[in-house]
Every structure is written in C-alpha cells, then in structure tokens.
Amino acid sequence: MEAIEYLREMVEIPSTFPNEQKMGEYCQKKLESFGFSVQAIELEGGRPNIVATRGKNPTLAFMGHMDTVPAYGKWNTNPHQLVEKEGKLYGLGAADMKGGLAAIFSALEKTDSPAMVVLTSDEENNSAGSHLLVSRPKLFEGIKFMVAAEPTEHGNKEGSILLGRRGRAVYKVDVHGRSAHGAHTERGINAIEKASELVLALRDFPLRKNTEIGSESLFVREISGANTSLSIPESASFWIDVHLVLGQDAESECTRLQEFLQNIYPECSVGIFDRGLPYNMPFYTPPETPEAEILASIVREVVGNTSFSHGESVADENVFAQLFPAVSYGPLGRNYHSANEYVEKESLINCEQIYQKLIKK
Ligand SMILES: [Zn+2]
C-alpha cells in the first residue's frame, strides 16, 4: 500500500492522548503483517507502546508517536478524514505525525531488511511512553541510530534533517514575605509584590547560547499568591518554563536560576517542579555521524537538496537520544497543533522513498 493509503486509514482512527489504544492495535497488526515481532509495553490504562523488530540484529530504528493533540480551532474539513486539496493532505495528525508513520509503514511493506520500529503513546503530553521504554534499555540492544519521523517545516523547505532539539524543564519559585495588618503596609513585605519584581527581573537572566541547537529561552507560565483576610500576603509562587541547550541540565539550571533570583531578593528559593516524570534533556547528533551522513546523501538524491537544522522544542527523540544518536526527518507539513493541519503529498511520497532506501542500506 502507498503511504497516502496508510495515512488515510490512520487519520480515520482518532488517537488523541490518552486514547491511543485503537491506533496501537492497528499498528501492531500492520507491523506483524510486514514480518515484525511485536512487543506491546503498556502505560497505565492500556495505553500502548510498541517495540517491533524484524530480521537479525537490526541497527536502525524508526520512531514515531501514535497520539495526536485534540482537534483545535475551526477546521474547513472533517479532521478525522483525509482530504486532498491542491497537493495538500488535510487531517488531524496528517503532519504530526501520522504522515511520518504512514511513510514508515509503506517503506517497511516494500522491503524485508532488518529494522526496528518504536511507537509511543503520550508524546503530545509528557512523553511518558518514551520514558517508560528507555527505562528498559535492553529492548534496544544493537541499535546504532534512530530516525524519528516527526514533520519538518524549516523554512517550509524540504530536505532538512533535524540533528538535535532543545530540552525543557519547569521550575517553581517560592517567595517569602512578611505579614502585617493591611492598614500598615510599611510593616510588612508583600510576597506578591516581590514575586512580581522577580518575574520582571528574569528579562535580564543571562540565557545560554548554542550554535548547534539555538539559544536558551524561558517564560513564566503561572503565578499565584493570595491573602483573603486584611493581611499582607506572606507567600507567593511562580513557575518558569525553560528551554535548555547543550551543556545544561535540570539541576545546574536550577542553581543558576536560584543564584540569579536570590541576588535580587534573598528570601526566595527555586526548585525543579516535579511532574512525576523526568524532563526531556537537550541532545545533538553531530552531522559527521556515519548514519546521519548516509541519510543526508539519500535525502539529497531523492529531494535534490539537504540541510542540517535543529528542533526548537522537545519531542520523544530527546528521550531516546540518551541511548543512541537520533535525528528527525519526516515529510513537510504545516498547522500542526492547530486547525487545518496538512502534510504535503509530494513530500510524503519522497519521504517514503527515503525511508525505503535507508532500510536497504
Ligand atoms: Zn509530533
């Protein structure tokens, strides 16, 4: 079957997290029909993750997430039906990332070389699926390189291979003031006021720069503090969402933030916000990695050009890149995480050809 046919079937199976089960069953059945032996490793609530292998000692793994975000916004077509218009294929997940999955499936069906396929749930949420899988590294013995089929839209130009992605961590800042009667503001220290000063001071936080995967960035995602009686609030908190670059990790960044903020107002403390799962750390696969060079030469052959780039935000690749070099290469798409998501038909066909050639090498 061609990639577009797989994509049509996949778009018709709603898989907005946490409801990936039907999509998991579909993928398992297909992979088995391509000669794969499939291990289903479930998250709580029957949410599937799939590790499938074919042939002897595969070294190449394809990766994709089976979940989508909900259908946001106002669609011009039914998001659960693939609609073709002027070379664009519209549907929820068409780009992110059922297009990539469809290209993988079609390429696998037309080849018989050894390969591994890793499919996850919860990528659009907390990457719980990929964190579960990397906690069992034995599953991936022998794998030397992973290609994630995430869509690319860099400069809206086809052929771009993402060699890395920024990481991400969230921090909670607790700010302590001193309560006093609300009629005597001079006797107290208003924690909300101090928290506000700290939030604004973050505009001058020295952000790290990287040539490989871009620069660090941050934003304040939440702030809270209250006193319902006639007293000056003595505590307030705010949360900072940070995109990390190479050389940074969640702990060292916590220290940096704390030093910066305490320098402005000592009565505050910074901690890593516990989301119940590790955060996805930054990664980078050097372009000289032999498998990346092979992929680049195939992309050049099929598309006519290639370039190296990086992803701005986190994805499952960040998690798997702890185990082996990983890159993202998928079909060109637009409007993911918003209405009227689509993947370019020609790019989907090219992508399937690229995967086929890669599997055979
Ligand atoms: Zn995605």
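Into which domains is the protein divided? Domain 1 covers 3-165 + 282-360, and domain 2 covers 167-272. Give each its own colour. Keep in mind that this is a predicted model.

**Stop 1: the two domains**

Show the C-alpha atoms. The centres of domain 1 and domain 2 lie 37 Å apart. Now look at where the two touch. Domain 1 gives 9 residues to the contact, and domain 2 gives 10 residues. On the domain 1 side, the touching residues divide into 3 nonpolar, 4 polar and 2 charged.

**Stop 2**

Select strands E9 (167-176), E10 (217-225), E11 (235-244) and E12 (268-272). They form an open sheet of 4 strands, in the order E10-E11-E9-E12, with antiparallel pairing. Which strands stand at the edges? Strand E10 and strand E12 do. Each has a single partner strand, so one side of each is left without a neighbour in the sheet. Turn the view to look across the strands. On average, neighbouring strands are turned by 20° against each other, direction ignored.

What stands opposite Phe 219 in E11? Asp 241 does.

**Stop 3: the core**

Select Leu 7, Ile 104 and Val 117. These are the residues with the most contacts inside the largest nonpolar core, which has 92 residues. Helix H3 (residues 94-109) supplies the largest share of this core, 10 residues. Both domains take part: the core draws at least three residues from each of domain 1 and domain 2.

Centre on Ile 104. Leave aside its neighbours within four places in sequence. Ile 104 is then in contact with Phe 62, Gly 64, Val 117, Ala 149 and Tyr 355.

Step along to Phe 105, which is also found in helix H3. Is Phe 105 buried or exposed? Phe 105 is buried, because 29 other C-beta atoms lie within 10 Å, and 20 or more are needed to count as buried. Not counting residues up to four places away in sequence, Phe 105 touches Tyr 6 and Lys 30. Then draw a distance from Phe 105 to Val 303. The pair is 198 residues apart in sequence and 20 Å apart in space, C-alpha to C-alpha.

**Stop 4: backbone details**

Most peptide bonds are trans, and most residues other than glycine have a negative phi. The next picks depart from that.

Start with Pro 18, in the loop between helix H1 (3-11) and helix H2 (21-33). The peptide bond from Phe 17 to Pro 18 is cis, with omega near 10°. Move on to Met 97, in helix H3. The bond from Asp 96 to Met 97 is cis too, with omega near -10°.

Now select Glu 86, in the loop between strand E4 (83-85) and strand E5 (88-90). Glu 86 is not a glycine, yet has a positive phi of about 50°. Glu 86 counts as exposed, because 6 C-beta neighbours lie inside 10 Å.

Finish at Asn 335, in the loop between strand E16 (333-334) and strand E17 (342-344). Asn 335 has a positive phi of about 60°, although it is not a glycine. With 19 C-beta neighbours inside 10 Å, Asn 335 counts as partly exposed.

Note on methods: Residues are numbered from 1 along each chain as its sequence is written. This is a predicted model: local features need pLDDT of at least 70, side-chain atom pairs count only at pLDDT 80 or more; totals for chains, interfaces and linings use all residues. Two strands pair if DSSP finds at least two bridges between them. Helices (H or I, at least four residues) and strands (E, at least two) are DSSP runs, numbered from the N terminus. Axes are lines fitted to C-alpha atoms, for helices over the stretch in contact, and angles run from 0 to 180 degrees between N-to-C directions. Two residues are in contact if their C-beta atoms, placed from the backbone, lie within 7 Å. Domain bounds come from an automatic or database domain assignment. Ala, Val, Leu, Ile, Met, Phe, Trp, Tyr, Cys and Pro count as nonpolar, Asp, Glu, Lys and Arg as charged, and the others, Gly among them, as polar. A nonpolar core is a set of buried Ala, Val, Leu, Ile, Met, Phe, Trp, Tyr and Cys residues joined through C-beta atoms within 7 Å. A residue is buried if 20 or more other C-beta atoms lie within 10 Å of its own, exposed if 12 or fewer, and partly exposed in between; C-beta atoms are placed from the backbone.
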